[in-house]
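Hi,

Here is the structure I promised to send over.

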Amino acid sequence: MTKINVLDASVFNLISAGEVVERPASVVKELVENSIDAGATSISVEIKDGGISSILIVDNGCGIDKDNMRLAFLPHATSKLAKAEDLDNIATLGFRGEALASVSAVAQVTMTSKTADDEVGNFITLSAGKVVEEGKRAIAQSTSILVENLFFNTPVRKKFLKKPKQEEANVTAIMIQLALANPEIKFRYTVDNKTVFQTNGGLEEAVYAVYNNEIANGLLPFDATYDNYRVYGYTGNASIAKHNRNYQTIIINGRVITNQTVSTAVSQAYGNRLMTRTFPVFVINIVMPFDEVDVNVHPTKTDVRFADTHKVFSCVYKAILSTLTAQEQNLVLGKTNTEINIQNVSNEKPAKQTVISQNAETASVKSQYERGTSIATDNEKDKTIEALFNGDKNLENDKYQALIAKQKKVVEELKFNKDLPKVHSKVSDSMGASIVGLYDSKPKNTVNLTQKKQEVIQESSLLKMIDEQLDQEFKVVGQIFNTYLIVETGGLVYFIDQHACHERLIYDRLLDDVNSNNVGVQYMLVPFILDCNNTQYEYISAIQENLKTLGFDIEEFGGLSFKVNSVPHLLNDINLAIFFDELFAERQSALSLKNADLIRDKLAQKACKSAIKAGAQLDNEQIKTLLGSMKNGIPLQCPHGRPAVLSYSRRDFDKLFKRII
């Protein structure tokens with residue numbers, strides 16, 4: 001029988017170090033969390049060569065006295081736990097006792113500290129886990145830990161470290177998460193003597209400090225409470241989605257973690273709002289009872305276990321979904337008193353949230369003409385206005401006759417009164433289009449504004465009424481590349497992806513049918529047999545009623561099998577094998593989702609196949625018909641998350657052509 005050896009402390013410390021200290025970022029995380037637990041309100045972190053050469057952490061916490069300095073570096077020594085019961089209600093971060101011992105086992109470490117009761121500070125230096133020097137040092141109340149030559153005594157482990165720049169990136173990622181998780185603490189992070197970021201208190205300030213303006217400006221705040229759970233933070237709009245998860249931060253009771261339940265909840269809430277293979281940016285802070293989360297399930301404390309996983313999923317899902325839903329508004333062309341959120345494409349740095357107002361004030365008609373800016377309406381509107389003046393038989397009713405009479409009166413006043421008041425009135429962009437279109441159409445009884453050079457036309461309620469009746473509040477410029485539509489209104493030019501726009505329109509209509517339980521049923525000539533394992537069988541049984549509501553006639557077929565007799569008519573060409581495989585992959589969250597969410601991807605595929613394709617040539621009337629069919633406005637995204645609309649202002653074009661520097 002092989003002899004059992006009791007390992008020496010120098011050996012098992014190295015084993016513990018392998019669990020806790022993987023790279024410089026691990027050291028930074030452990031030591032900063034110790035500073036946070038010490039009550040620090042200000043923490044400075046400095047690294048050199050990616051943290052391989054040195055890591056210096058200084059905090060203004062409570063400090064540690066001389067008698068406890070040696071104890072702090074002993075294995076399984078901690079100030080955060082006293083008895084086994086304390087593991088059930090952990091409220092601190094760095095409770096694992098081997099952290100300092102593990103770090104000192106593979107590096108040269110110097111700790112300097114002074115408490116409020118000490119007259120002078122003390123220091124201790126260790127190398128490979130052994131004390132080499134200790135004594136007194138004159139410092140203010142604080143604690144500093146200097147870690148040098150990481151893995152100097154374990155060359156094999158040091159060989160597997162990445163290049164300094166990559167290790168630096170790992171440390172930076174950890175520091176960003178720690179700053180976001182503890183916004184009340186002032187952080188200063190320095191790399192090779194250059195300050196990377198500095199925070200001064202507050203979550204919003206921390207977000208702007210650690211992220212660039214593009215990301216920070218695209219984040220949406222949220223704060224929701226469900227029973228004894230609070231979920232708050234920021235989540236990003238589709239325009240700042242990334243191709244990796246590096247910009248995702250999950251915080252549980254102040255602890256930065258990586259957790260599949262929370263990540264899945266966020267992904268489900270975004271659904272098809274993001275493009276394929278992109279990930280949302282978010283900072284999610286969950287505050288919950290300490291006895292409902294177990295943080296002692298991972299050596300580096302990077303994951304936790306929840307007592308009620310379903311509840312955590314549900315809270316996060318609802319908080320994110322409600323935030324995204326509230327932010328989503330379609331683009332309504334030419335409507336007044338409507339504000340929409342849309343990314344304004346510009347070379348300028350965006351404001352915290354770009355808001356385009358459809359009732360923006362315009363300059364006077366004279367200034368428009370001096371700039372050479374024509375807002376002439378389309379031919380159809382001209383014909384309709386001319387029909388009003390000429391008494392077109394199709395328009396002869398009491399309502400329009402009244403309009404004609406009033407309009408003639410206004411025209412006569414404009415024609416014969418040469419002393420119009422020179423008042424700079426403020427008119428909406430859509431109103432300006434109506435006024436200019438009225439005179440550009442040159443009806444018999446009107447005057448030509450370009451000839452008379454009228455400086456101002458007062459806002460007329462009659463013209464506004466005509467504008468509303470005609471419902472021609474935007475100008476179709478045309479189509480380019482047989483793919484993109486160009487529309488002008490409200491001082492902006494919109495470039496619209498015809499396929500993405502029409503695809504979303506169809507998708508929304510299909511989704512409405514599902515949400516209103518108005519889905520037809522298509523019975524199958526040959527039923528589909530679904531064979532399940534135990535877990536899958538329980539899952540299908542749990543959502544069976546939801547599936548039936550959608551149009552899936554599904555029943556037990558003996559053993560662990562089900563028989564599917566019908567499918568939703570909307571999805572008559574669905575591949576059931578793939579559909580159920582996808583459902584099984586998402587079974588953790590399906591009980592929390594609406595019926596529509598279960599088939600959302602399939603509806604998106606259906607809409608994509610039915611929509612106008614890129615390359616289809618449309619004339620102005622077809623474009624107008626397409627846009628006019630969108631009673632709720634033009635969607636800003638397709639079902640797959642691609643942008644459907646981009647907007648440019650006159651100022652943007654002036655900057656492109658260097659009219660504005």
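By contact I mean heavy atoms within 4.5 Å. Helices (H or I, at least four residues) and strands (E, at least two) are DSSP runs, numbered from the N terminus. Keep in mind that this is a predicted model, where local features need pLDDT of at least 70, side-chain atom pairs count only at pLDDT 80 or more, and totals for chains, interfaces and linings use all residues. Residues are numbered from 1 along each chain as its sequence is written, and side-chain values use heavy atoms, with hydrogens and water left out.

On to the helix pair. From α2, Pro-24, Ala-25, Val-28, Lys-29, Val-32 and Glu-33 touch Glu-167, Asn-170, Val-171, Ile-174, Met-175 and Leu-178 of α6. Sorted by type, the residues of this contact are eight nonpolar (Ala, Val, Leu, Ile, Met, Phe, Trp, Tyr, Cys and Pro), three charged (Asp, Glu, Lys and Arg) and one polar (the others, Gly among them).

Next, a glycine. Gly-491 lies in the loop between β19 (484-489) and β20 (492-497). Its relative accessibility is 52%, so Gly-491 counts as exposed (over 50%; buried is under 20%, partly exposed in between, with a 1.4 Å probe and protein chains only). Between the C-alpha atoms of Gly-491 and Arg-650 there are 6.8 Å, although the two are 159 residues apart along the chain.

What about the cysteines? Cys-315 is buried because its relative accessibility is 4%, and Cys-501 is buried too, at 0%. Disulfides (a pair of cysteine sulfur atoms within 2.5 Å) come to zero by this rule.

Cheers
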